[in-house]
Amino acid sequence: MNSSSSLPDAKTSSEADSSVLQIWGGHPLRGHVNISGAKNSALVIMAGALLCSGDCRIRNVPLLADVERMGQVLSALGVRLTREGDILDVNASELITSKAPYELVTQLRASFFAIGPILARLGIAQMPLPGGCAIGARPVDLHVRGLQAMGAEVQIEHGICNAYVPGANGRLKGAKIYLDTPSVGATETLMMAATLADGETIIENAAREPEVVDLANFCNSMGAKIYGAGTSTITITGVSQLHSTDYSIIPDRIETGTFLVAAAITRSEITLSPVASDHLIPVIAKLRDIGVPIIEEGTDCLRILPAESLKATDIDTLPHPGFPTDMQAPFMSLLALAEGDSIINESVFENRLRHASELNRLGADIRVKGNTAFVRGVSVLSGAPVIGTDLRASAALVIAGLAAEGKTTIQGLRHLDRGYDRLDMKLQQLGARILRVNEASADAELPNNNSNPPASVSL
């Protein structure tokens, strides 16, 4: 096992910027796909490992550019990381600095959440304001107000959030915190900070996402006392220290949903595992509304069957347990080929419909007004050059390309590689005609391949 903060096969940003995906549509998928660990769990659980001064083993860690970047942030803080396959060993016993590197944090929003564990461990933290996908304002004021309620002094100057805990012991104090909106990031930041605080913290109007529950379970496996995760009220009784753990991350519900939509749009039959069906209730319900048969096989496997026809439906994105905003773009691709008119209302982020214009380049008929998209189904999409504007928009274009006639070329793969574990390779294994090439050679033709695709993914 080699000691390193890098993840050996993750695409670098420069590689992704110089690559494009070429998709020859019209080919059905078949076989089985292995679902990777949840991106949004992996990132925050890596930050949560800062709470422990011993060894933490995290299993089912996906191979993503964002995970690599989070590893770089932790390494800069003095954390030792070792990775083998999907197992990541983290040792934060030598947390040597409270200041995270500006150039890394500004590229990865989730790295800001480390301010909670750093402040809880060291009593001081300096965290640049975060970056990430340009899908709308995601301010950190809820994080700041919550930390202030727990006794921290917080100031934001020159793009840096400076926080410290006054007093001799530098320990945060339990508090009652109400979040104006059920922010996932604020819930996770404050929950982590409260694990080592003195006394009891109650977070009202907390986010209920499965990834919040996963983080709570991870912290509890280290000896934290967190109750009520998954409900709107989370109670944390602070402890003096946490111990080592060995923990496995939940399956990625958005990756699962993306493959379900990819199968639906190509009228395919595939199986997916491991999955957590209870994390996918609104996604499965909408697919069934559209006319797509989905069968639960066992406790962690789904089978999707070809639909006789795709029917229009309306979608409103909402915080969990509502329809997830991260599935809005993939569903727009599917509804572009449905019979009838659909309305998609994006209520979570105000700048997350930019993929509509790119889908229109493929022949879709979509009008956008404010945060609402009006989708009139068409009978066919046609391949064209398109650009992924954010992570889920890029996935939506891949899905559309799988169904479009001819060749679709997708730029902006740095977004795709941030959140999907080798999506193109998994699709290849399912029989999709998809190829990642250097942009300079983007006129390459698909290699002659008349053989049947493998029946299972062996990644």
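1. A patch here joins residues with over 30% relative accessible area and no salt bridge, like charges within 9 Å and nonpolar side chains (Val, Leu, Ile, Met, Phe, Trp, Tyr) within 5 Å. A salt bridge is a side-chain nitrogen of Lys or Arg within 4 Å of a carboxyl oxygen of Asp or Glu. Accessible areas follow the Shrake-Rupley method with a 1.4 Å probe.

2. The model is predicted: local features need pLDDT of at least 70 and side-chain atom pairs pLDDT 80 or more, while totals for chains, interfaces and linings use all residues. Residues are numbered from 1 along each chain, and side-chain values use heavy atoms, without hydrogens and water.

3. Leu 122, Ile 124 and Tyr 164 form a nonpolar surface patch of about 260 Å². Leu 122 belongs to helix α5 (residues 115-122); helices here are DSSP runs of H or I, at least four residues, and strands are runs of E, at least two. Leu 122 counts as partly exposed because its relative accessibility is 36%, where buried means under 20%, exposed over 50% and partly exposed in between.

4. Thr 189, in helix α7 (residues 184-195), is buried, with 0% relative accessibility. Beyond neighbours within four places in sequence, Thr 189 contacts Phe 113, Ile 115, Gly 116 and His 143; contact means heavy atoms within 4.5 Å.

5. In helix α10 (residues 281-290), the buried residues are Pro 282, Val 283, Ile 284, Lys 286, Leu 287 and Ile 290. Their cover includes α9 (253-265) and α11 (328-335), along with β15 (294-297), β16 (301-304) and β17 (315-316).

Key. Buried < 20%, exposed > 50% of the residue type's maximum accessible area, 1.4 Å probe, protein only.
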